[in-house]
Structure formats: structure tokens, C-alpha cells
Amino acid sequence: MTTETLNSRYSPVDTRVEERVDSAAAPKVKDAANDEDGYITKMKHFLTTATLANSSKTKPSKNFNYACALLFILGFVLSLFLTIFIWFTDLYTNELYKRLTIQNGSLLYDSWREPPVRPLMCVYVFNYTNVNEYMSGAHQKLKVQEVGPYCYRETLYRVNVTDHKNGSQTFNEMKVQEYAYDVSNGTDSDIITVPDIPYISAIALTIDENFIVRNAMTSFLNHVSNFPFVTVSVYDFCFGYQDAVIRTLATMAKLANKPIPFEKFGLLTKRIGVNPDRLTVLNGLGNLNEMGQVIHLNGKSMLHPWSTDECNSVGGSDGMFFPRLRVQQGETLYLFHKDSCRKLPMTFHSKEKIKNGVIGHRYSLSINSFNNSIPENRCYCTSTPCMPDGIFDMGKCSTRKISIEKTIL
């Protein structure tokens with residue numbers, strides 16, 4: 001008894017450990033034997049599924065890399081092919097030309113039809129202040145007073161556009177003038193006294209005629225009006241008025257079954273409403289540097305008021321586009337001015353920043369444009385001696401109308 005007590009006193013830990021091990025192992029043997037809930041089967045199924053999932057994740061990653069490599073190779077080959085195709089063909093250039101031309105449907109067509117820029121046109125007028133005193137003989141000289149400026153903002157529309165298969169377009173110009181009060185001095189309803197230009201022009205028609213014709217013209221004008229001045233508003237003087245001479249010419253034209261030279265006279269009558277002149281310009285489809293260049297006026301490539309073919313030829317820009325290469329190189333540009341039947345040279349002045357860093361090229365009318373003493377302008381000399389430098393005689397440009405007036409008279 002003493003022995004058992006000692007053993008139980010000095011080895012209690014070993015006994016409890018063995019009891020715990022035996023008690024923990026017993027249920028496991030029982031569970032493994034019975035496996036009533038299928039625990040082992042479920043664990044095997046879980047481990048099998050996890051293994052398959054890991055293998056499935058590994059295989060698509062390799063396929064994805066192969067696909068990416070294949071797409072890269074195909075993209076490179078396609079890009080190389082397109083680069084070679086565009087470089088050695090005119091596909092890209094032709095498509096670019098179509099978008100930058102002024103043919104119908106291009107990016108610039110609407111802007112060409114209705115330009116967004118509205119130029120400012122200002123007029124100064126010499127008002128004759130002592131006409132009655134001069135005509136009565138009380139004053140020996142006429143007195144003039146400069147008035148203005150009278151400014152208008154001009155809106156341009158190109159109407160009646162006809163597209164041609166040769167890469168050109170024919171159109172009429174329609175202009176609308178809006179009075180700019182903010183930059184004008186006075187209003188265009190101001191009354192002024194100015195020379196009656198139709199009256200003076202009728203006299204000038206017979207300056208080269210014989211004595212009988214000149215006397216007949218003088219008698220006619222004295223019967224119609226013997227006062228070479230007219231009092232009108234600034235607007236009428238610029239954009240059209242009627243006087244006794246014009247009304248008489250219109251009546252005579254109707255009696256003679258001839259076209260009326262003009263229903264109204266004004267210094268700027270062609271700058272309002274639809275201009276009857278038909279301009280033909282290149283649309284740039286064949287050559288962008290020729291876009292906007294005038295080739296015909298009323299269907300004619302040659303006019304006949306001047307003495308040489310070079311001066312009579314129709315050419316230059318219509319004012320909307322200029323040759324790009326000439327502008328970049330600072331060369332002289334030409335503007336076709338149909339009212340004077342000639343090309344006006346524009347010389348390069350300077351480069352200037354316009355907006356947001358955009359560089360603009362400033363051009364101005366050549367200082368020798370109306371210098372009649374230089375050889376290139378001798379063809380515009382219409383009288384002997386020539387007009388002084390700085391004066392351009394536009395009378396020859398109105399030959400058709402003058403001929404009609406002579407026939408009527």
C-alpha cells in the first residue's frame with residue numbers, strides 16, 4: 001500500500017498524459033471506422049478540386065501570353081503594310097486634299113461660302129461748302145471740308161455656286177453692309193454736297209468726239225440739268241442715288257430698246273447686294289497652292305482694256321486664299337480687283353503673332369502699284385501723257401458701259 005501511494009504521488013503527470021492520448025485517439029479510430037458523415041471523402045474531393053483549379057489557372061495565363069504575342073506581331077505587320085502603302089501611294093495625300101479644298105462637302109466649304117471675317121470699310125468724303133457762291137461767281141475757288149470716317153462692316157456671301165469637273169467653281173458675290181456707329185464720326189444720313197459724277201461723266205464721253213457731237217451733248221445736259229453738283233446723304237452717295245441725268249438716260253434706253261447702263265449711281269454700288277459679275281476660281285483639288293486663284297471673269301480669261309496680254313490676263317487671288325508656299329517664302333502675292341480689271345501686287349511686310357502663338361504674315365499694297373512711270377505699269381497708261389504717279393484711270397475698265405451710253409446718246 002505504501003508502494004502504490006508513492007507511485008501515484010511521484011508520477012501523476014505521466015499517468016494523465018497517457019490517459020489524454022488514449023482518450024484523444026479513441027474517437028479518431030471510431031470516426032475512421034464508421035465515417036458516417038463522409039468526412040474523409042469530402043476532404044479528398046476538396047483537395048482534388050483545389051488541385052484542378054490551380055492547374056486551370058496556370059494554363060490560361062500561358063494561352064493569354066501567346067495571344068498577346070500573336071496580336072502584337074499581327075499589329076506590327078499591319079502597321080508596316082499600311083505605312084508602306086501610304087508612303088508609296090497618293091491615298092493619304094488625296095484624302096488630305098479633299099478635306100482642305102473648297103469643293104462642295106469639304107471642311108472649308110462652308111467657311112468659303114460664308115467667310116467668318118467681317119472687314120471694316122471706312123469712307124472719307126470731301127463736302128463742298130460754297131457751291132452756290134462759286135456758281136454765282138461770288139467766290140473764285142471751291143472750298144471743301146473732309147468729313148468722316150463713315151464705316152461699314154461687310155458680310156460676304158458666295159451665292160449661285162456652280163461646281164465644274166475641271167476643279168473650279170463659279171459664283172456671284174453678295175455683300176451686306178452694316179453701319180458701324182462705334183468707329184464712325186457721324187451717321188450715314190448726314191447730308192453732303194458733292195460733284196454730280198454722272199453729269200461730269202456724260203461730258204467726258206464726248207471729249208474725243210467732233211464739234212457737232214460735243215455741242216449736242218452740251219445742249220442735252222443743259223436741258224436736263226445745268227448744275228454739276230448734287231446734295232445727297234452719305235449712304236446714297238456711297239450706295240446709289242438717282243438724278244436728272246440718270247433718269248433721262250434710263251428713259252432714253254427704254255425708248256431705244258437698249259439695256260439701262262445703271263439705275264442708280266454710287267461709288268460703292270457694287271459692294272452691296274448681289275454683284276452680277278461671275279467669278280471662276282480653282283478649288284485646289286489638283287493643287288492646293290492654286291486654291292482660290294481666279295481664272296475667269298464672266299467666262300473670260302482675257303480682258304481688253306489695256307495694251308498688253310500680261311495686263312489683260314485674269315489672275316491672282318480672290319482675297320480668300322493665297323498660295324501657301326509663296327506666303328511662307330515672303331514672295332509677292334497678287335490680288336485680282338475686278339472693279340479695276342487688273343491684278344494688284346501685295347508685298348511682304350513682316351511676321352507677327354496673331355493669337356495663341358500663331359504666326360501671321362503681314363502684306364501691304366505695293367508702293368509702286370499706281371506708279372505709271374515704271375515699265376510693268378506702262379500698259380495701264382490710257383492717255384498721253386500718262387496719269388501722274390499715284391493716280392489710276394479706271395475709265396477703260398468700264399468700256400462696255402461707256403459704249404452702251406454712247407449708243408443711247
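This is a predicted model: local features need pLDDT of at least 70, side-chain atom pairs count only at pLDDT 80 or more; totals for chains, interfaces and linings use all residues.

Biologist: Take Cys-122 and Cys-151: what is the handedness of their disulfide?
Modeller: Their sulfur atoms sit 2.1 Å apart, so with a cut-off of 2.5 Å they form a disulfide. The torsion about the S-S bond of Cys-122 and Cys-151 is about 105 degrees, so the link is right-handed.

Biologist: How many residues apart in sequence are the parts that Cys-122 and Cys-151 tie together?
Modeller: Cys-122 belongs to strand S1 (residues 120–128), and Cys-151 to strand S2 (residues 144–163). The pair therefore ties together parts whose separation in sequence is 29 residues.

Biologist: And which of those two cysteines is buried, and which is partly exposed?
Modeller: Buried needs a relative accessible area under 20%. Cys-122 has 37%, so it is partly exposed. At 1%, the buried one is Cys-151.

Biologist: Is the disulfide of Cys-311 and Cys-379 right-handed or left-handed?
Modeller: A disulfide joins these two, with S to S at 1.7 Å. The S-S torsion of Cys-311 and Cys-379 is about -60 degrees, so this disulfide is left-handed.

Biologist: Where does Cys-379 lie, and how far along the sequence is the part it is tied to?
Modeller: Its partner Cys-311 is in helix H11 (residues 309–312). Cys-379 is in the loop between strand S11 (359–365) and helix H13 (399–408), so the parts tied together are 68 residues apart.

Biologist: Are Cys-341 and Cys-397 buried or exposed, and how many residues apart are they?
Modeller: They form a disulfide with sulfur atoms 1.8 Å apart, and with 70 degrees about the S-S bond the link is right-handed. Both are buried. Cys-341 is in the loop between strand S9 (333–337) and strand S10 (342–353), while Cys-397 is in the loop between S11 and H13; the separation is 56 residues.

Biologist: Switching to helix H8, which residues are buried there?
Modeller: H8 (residues 211–224) has 14 residues and reaches 20 Å from first C-alpha to last, close to the 20 Å expected. Its buried residues are Met-217, Phe-220 and Leu-221.

Biologist: Now the rings: how is the pair Tyr-109 and Trp-112 classed?
Modeller: A search of the whole structure turns up 14 aromatic pairs. Tyr-109 and Trp-112 both lie in helix H5 (residues 109–113), 3 residues apart, about one turn of the helix, and both are buried. Their ring centres are 6.0 Å apart and their planes at 35 degrees, so the pair is tilted.

Biologist: Which rings does the charged end of Arg-342 sit over?
Modeller: One ring has its centre 4.1 Å from that charged end, and it belongs to Tyr-380. At 5.0 Å from the charged end of Arg-342 is the centre of another ring it sits over, that of Phe-392.

Terms used
Residues are numbered from 1 along each chain as its sequence is written. Side-chain values use heavy atoms; hydrogens and water are left out. Helices (H or I, at least four residues) and strands (E, at least two) are DSSP runs, numbered from the N terminus. Buried means under 20% relative accessible area, exposed over 50%, partly exposed in between (1.4 Å probe, protein chains only). The expected span of a helix is 1.5 Å times one less than its number of residues. Rings of Phe, Tyr and Trp (its six-membered ring) pair if their centres lie within 6.5 Å; planes under 30 degrees apart count as stacked, over 60 as edge-to-face and the rest as tilted. A charge sits over a ring if NZ of Lys or CZ of Arg is within 6 Å of the ring centre and within 35 degrees of the ring normal.
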